[in-house]
Amino acid sequence: MASGDMPYDGRFDGDPFSVLARVFGHAGFRGRQEEVVRHVADGGSGLVLMPTGGGKSLCYQVPALCRPGVGIVVSPLIALMEDQVAALRQQGVAAAALHSDLPEGEARKVLAELHAGDLKLLYVSPERLTLEGTLARLDTLPIALFAVDEAHCVSQWGHHFRPEYRGLGVLAARFPRTPRLALTATADPRTVEDIRAQLGLSDAPVFRGGFDRPNIRIEARPREQERAQLRALLREHAGASGAGIIYCGSRARTEQTAEWLRGEGQDALAFHAGMEAADKREAHRRFARGDAVIMCATIAFGMGIDRPDVRWVLHLDLPRSPESWYQEIGRAGRDGLPAHALLLYGAGDIALARHRVEESSAAPEQKRIERQRLEAMVAIAESATCRRALLLRCFGEEPPQDSAGSVVPCGNCDVCLSPPRLFDGTVAAQKLLSAVLRTGRRFGVGHVVDVLRGRLTEKVAQFAHDRLPTFGVGKDLSDAAWRGVARQLVAHGALDVAVENHGELVPTEAARPILRGEEKLMLRADVARQAAPSRGGRVGGAPASGDPLFEKLREWRRAEAQAQSVPAYVIFQDRTLAEIATARPRSLDQLGAIPGVGRTKLERYGTAVLKVLQD
Ligand code: ADP
Ligand code: ZN
């Protein structure tokens with residue numbers, strides 16, 4: 001037997017709780033962390049499914065520190081590895097990364113440390129780990145565990161398949177007695193089964209954490225005036241520390257949006273799969289280190305966003321499934337502080353996404369699944385009931401119910417915060433559909449609304465649409481309300497939009513029963529949103545600039561981070577700084593009692609922090 005695969009002999013007496021407190025400065029485990037940590041510390045393997053921000057890292061970091069030998073962590077992104085290593089070193093953990101970008105000399109140094117038994121955690125890229133040379137080295141060393149982060153990369157079902165991950169199956173065969181822990185935020189059952197099969201975890205337990213992220217305020221709005229809505233969002237979060245992410249449906253849109261934001265005086269970046277590897281890495285780095293930075297990205301930007309203080313995530317286009325939306329918005333508020341997710345979408349998005357599914361070359365079964373996911377996403381966007389409840393159901397979680405059996409409103413989505421008014425929209429829908437039919441299914445929503453509102457535009461005159469019986473029958477509703485009716489008819493499937501053409505509205509079969517009066521249609525009255533949420537503007541509870549002490553601590557942290565060229569949050573997270581600012585500790589002991597202040601950080605920064613507080 002290779003010594004790397006030695007059974008745990010129980011001689012090492014690392015206790016998970018004392019490691020958690022001493023090294024990480026945390027008072028207790030969250031959710032299922034403790035269960036996972038104990039299982040792995042005892043030598044067990046498994047799969048952890050937790051949402052982004054759920055606290056997956058501790059699930060392998062703590063047992064690695066409790067067990068003898070080095071913990072090997074597979075991670076798909078160099079930027080992610082480096083930030084994790086930097087954070088661990090700040091906490092006094094001997095950690096290093098091994099990947100293709102490392103200069104020869106540094107790689108040799110890391111290997112020397114590894115062989116000397118000086119490392120507790122080693123982050124490795126999958127291609128590097130699966131080299132025979134690396135595996136042969138590990139055969140000779142005591143290994144605490146293998147952790148496979150972002151484990152869904154092993155599955156071809158997901159959108160993040162990485163061929164290098166396939167080779168990781170070798171670990172099960174080669175190190176059968178060493179614990180292997182796979183971790184992912186993807187809960188899709190097919191992907192989960194694929195991970196288990198590929199990584200030899202079919203007999204190992206699956207630890208599924210709760211998927212709710214109650215600190216994220218969820219909101220979906222029709223996209224009316226994109227730039228104005230974006231400005232309103234920026235105003236709402238102005239002055240808060242932390243970053244923002246804008247997900248865009250196309251590469252061009254990421255660049256245009258970033259450029260526009262820079263014109264508005266924002267620190268904005270673009271990221272998409274078409275960029276050079278080096279540029280992507282640089283964008284990642286700037287995002288990790290920037291203070292109030294905004295990333296405009298396609299869904300290619302995801303893994304490796306380790307910042308705990310992303311305060312908001314905006315989607316400018318409709319995501320293709322609730323799963324991807326949830327994963328993307330989950331990047332906000334990992335620190336547990338209030339965060340905000342806003343989705344802007346239009347009828348065109350819905351139609352375009354549907355056309356894409358229909359025209360894709362995927363197998364019929366795959367198409368059916370994608371169609372279902374998309375319709376679930378549309379339903380969430382158009383929902384008149386709690387959005388969080390709908391989302392959680394997509395993850396197989398039943399939202400809490402009261403004694404009468406109805407869903408308890410989450411209180412932190414726009415529907416719960418200001419319930420939309422519903423009205424019987426049957427007549428409005430009939431008017432709109434008949435305007436579409438009478439104008440010959442050749443016009444977009446703008447012209448159809450002009451006809452309904454009885455506006456004698458040039459186009460109306462040109463086509464003599466003022467002579468139609470539908471001309472002017474819709475004066476009772478505003479333009480925005482009519483666009484809302486049209487969008488909801490698209491969502492309902494009664495209208496299609498010829499997005500690839502000129503955006504003409506085209507009635508479908510589902511329009512017939514509505515026109516014949518056989519189907520009653522309840523519609524939401526789209527309330528034009530007056531900027532702020534119910535909580536009075538700012539994201540309540542997030543550390544605000546304005547508290548002079550918090551600001552001073554941030555300034556100190558910025559200088560410290562720059563001097564060490566690490567992201568600011570690895571020194572102390574915002575949350576910790578905010579607690580320090582509130583508690584105003586006067587001694588090292590008092591400072592050490594604040595969550596997030598472990599021993600090493602206390603030794604390193606305690607005196608400096610107390611000095612900032614005294615000044
Ligand atoms: P994930 O990898 O699942 O997205 P992380 O491991 O990055 O999540 O953890 C998210 C955030 O939660 C981090 O800022 C981390 O410091 C914090 N965290 C995790 N576990 C705990 C805990 N037990 N107590 C306090 N904070 C925690
Ligand atoms: Zn809700």
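How many aromatic pairs does the count come to? In this predicted model, the count comes to eight aromatic pairs. Rings of Phe, Tyr and Trp (its six-membered ring) pair if their centres lie within 6.5 Å; planes under 30 degrees apart are stacked, over 60 edge-to-face, and the rest tilted. One of the pairs joins phenylalanine 287 and phenylalanine 301. This pair is edge-to-face, at 5.3 Å centre to centre and 90 degrees between the planes. It links distant parts of the chain, 14 residues apart. Phenylalanine 287 belongs to helix α13 (residues 277-289), and phenylalanine 301 to the loop between β11 (293-297) and β12 (310-315). Helices (H or I, at least four residues) and strands (E, at least two) are DSSP runs, numbered from the N terminus.

The model is predicted, with local features needing pLDDT of at least 70 and side-chain atom pairs pLDDT 80 or more, while totals for chains, interfaces and linings use all residues. Residues are numbered from 1 along each chain as its sequence is written, and side-chain values use heavy atoms, without hydrogens and water.

Around ligand 1 there are 16 residues, where a residue is near if one of its heavy atoms lies within 4 Å. Gly28, Gly53, Lys56, Ser57 and Arg334 come nearest. By class, the shell has four nonpolar, nine polar and three charged residues. Helix α3 (residues 56-66) gives the most, with three residues.

For glutamine 573, a polar side-chain atom lies 2.8 Å from a ligand oxygen atom.

Notes:
Chains lettered and ligands numbered in written order. Polar contact = N/O pair within 3.5 Å; in protein donor to acceptor, adjacent residues only side chain to side chain. Nonpolar A, V, L, I, M, F, W, Y, C, P; charged D, E, K, R; others polar.
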